[in-house]
Amino acid sequence: MADWCYMCLLRLIILCLFLTGSSEANITDVFSTSGENVRLPCNNALSDCTSTTWIYNRDSPAVELTAEGIKKNDIERRERLSVGSDCSLNIKNVTQEDYGLYTCRQYVNGQQQGADANVHLHFLHVSVSSSSSQSEIRSGRSVTLSCQLYSYSFPCDTLVRTERIQLMWVNQANVNLMTDSRYQILFSSTHCNSTLTTRLLNEDHNREWRCQLTQYNRLKTSATITVKDSGKNNI
């Protein structure tokens, strides 16, 4: 119970700093999708990285990833992490398990120096909705695709309202599919999830569908999924 209360309080403090625009919050947003390599900037680095500690947190006790600029040996994803010459934290082949709050903190002689630099790593994931079984994915039947943004600390409606986050399904020509009556697209600001439902055509076999994430109308990342007709041969 104590850990749960602590996490709620931490999220509330960060949210208040974010909404008031306080420079003390020192927050950076990084958006990613499966398989990407990302760089998390350390915006409070000192002259070198020997004072830098990276900490990861997401609904569990905080985990120290690096200390004095060196990776810890007892972390599961050690091989995918590295510290850049600018003290940034680099993550290879990002997965859904990586999203969360990353904190860059500086220590000199055991004493913390300055404010934390926080990085929120958000993760965009696309999938065939569980309501559509593999046997149902064939021409003439309806299929539902899901595009979900996994984020830490901030509710989705806050990201939509204050950061102008949008999830958008597009075709190969980057045209918003909301303009096509063939598709039913619904967005839930409660779960940060956009679903696309359509009746499959023959030409949809092996078609790549893409969900884009934009912030202030600027593309931040996108995730794709290929739908295969289960009635076709060699699938």
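Cys147 is buried, with a relative accessible area of 0% (buried means under 20%, exposed over 50%, partly exposed in between, with a 1.4 Å probe and protein chains only). Its disulfide partner is Cys211, with the two sulfur atoms 2.1 Å apart; a disulfide here is a pair of cysteine sulfur atoms within 2.5 Å. The S-S torsion of Cys147 and Cys211 is about -80°, so this bridge is left-handed. Cys147 sits in strand β11 (residues 142–150) and Cys211 in strand β15 (residues 207–215), so the bond ties together parts 64 residues apart in sequence. Strands (E, at least two residues) and helices (H or I, at least four) are DSSP runs, numbered from the N terminus.

A word on what you're looking at: this is a predicted model, where local features need pLDDT of at least 70, side-chain atom pairs count only at pLDDT 80 or more, and totals for chains, interfaces and linings use all residues. Residues are numbered from 1 along each chain as its sequence is written, and side-chain values use heavy atoms, leaving out hydrogens and water.

Now for Cys42 and Cys104, whose sulfur atoms are 2.0 Å apart in another disulfide. Its torsion is about -70°, so it's left-handed. Cys42 lies in the loop between β2 (38–40) and β3 (52–57), Cys104 in strand β8 (residues 100–108), so the pair ties together parts 62 residues apart.

What is the handedness of the Cys156–Cys192 disulfide? It's right-handed, because the torsion is about 80°. Cys156 is in helix α2 (residues 156–162) and Cys192 in the loop between β13 (184–188) and β14 (193–199).
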